[in-house]
Amino acid sequence: MTVNHATRKLVRERAKFLCEYCHSSEEASAAQFAIDHILPQSLGGSDNPDNLALACQRCNGYRYNFTTGIDPQTQEVVPLFHPRTQKWLDHFIWSADGLRIIGITPTGRATCHRLDLNDERHNEGSIVKARRLWVRGGWHPPEEDRTIGLIFDYLSRHTSRHLLRSLATKLKTFSRIIVRRRHYYSLA
Ligand SMILES: [Zn+2]
């Protein structure tokens, strides 16, 4: 069954028109992106939006009907990145020049390898060549990866484990206060 128009629209907007695996922008692509079934239809995956992700033609093609990959560091079989239940920035970082995606978890590394996110085995590295142009144009890596990534990079480099722990506790208190205040405003 093909995914209906309203669902396609939802998936594309939810993904902010980025491939949910390699974070390429649909706008910079010559072809519209595909609607990827995270659990493939051939394995019983449904058209429910929770099972759908936006994927560029290359990621969609390389993923095929695989749901697992091999972590090149340990040779273990692990699940591929799941755009609905996992966060991209938890599993991947951009190289400093913005040209390569680096997996930082077993799932991140296995996904990088299975989907060949840097075209190391296909297309003579064409995705890296395209990214070089996008970087020059100033629209790559995507804004969110840049800003949130920079904050994470800074904290990873300059904070001790102790400081991170205390920061986490403070953030918990902070979010509790926000929730309480929001509750107050919803009653007022
Ligand atoms: Zn992609």
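Student: Which elements cover the buried residues of helix 4?
Tutor: Helices (H or I, at least four residues) and strands (E, at least two) are DSSP runs, numbered from the N terminus, and two residues are in contact if their C-beta atoms, placed from the backbone, lie within 7 Å. The model is a predicted one, in which local features need pLDDT of at least 70 and side-chain atom pairs count only at pLDDT 80 or more, while totals for chains, interfaces and linings use all residues. Residues are numbered from 1 along each chain as its sequence is written. The cover of those buried residues includes helix 2 (57-63), strand 3, strand 4 (77-79), helix 3 (88-91), strand 5 (92-94) and strand 6 (101-103).

Student: How many residues of helix 4 are buried?
Tutor: A residue is buried if 20 or more other C-beta atoms lie within 10 Å of its own, exposed if 12 or fewer, and partly exposed in between, with C-beta atoms placed from the backbone. The buried residues are T107, G108, R109, A110, T111, C112, H113 and R114. For helix 4 (residues 106-114), which is mostly covered, the count is therefore eight of its nine residues.

Student: Why does I70 count as partly exposed?
Tutor: I70 has its place in strand 3 (residues 68-70), and it touches Q75, V77, A110 and H113, not counting residues up to four places away in sequence. I70 counts as partly exposed because its number of C-beta neighbours inside 10 Å is 15.

Student: What is the distance in space between I70 and H113?
Tutor: In sequence, I70 and H113 are 43 residues apart. Taken from C-alpha to C-alpha, their separation in space is 7.6 Å.

Student: Which residue of strand 2 does D36 stand opposite?
Tutor: Two strands pair if DSSP finds at least two bridges between them, and four bridges join strand 1 (residues 34-37) to strand 2, the two running antiparallel. On strand 2 (residues 52-55), L52 and L54 point one way and A53 and A55 the other way, and all are buried. The residue that D36 stands opposite is A53.
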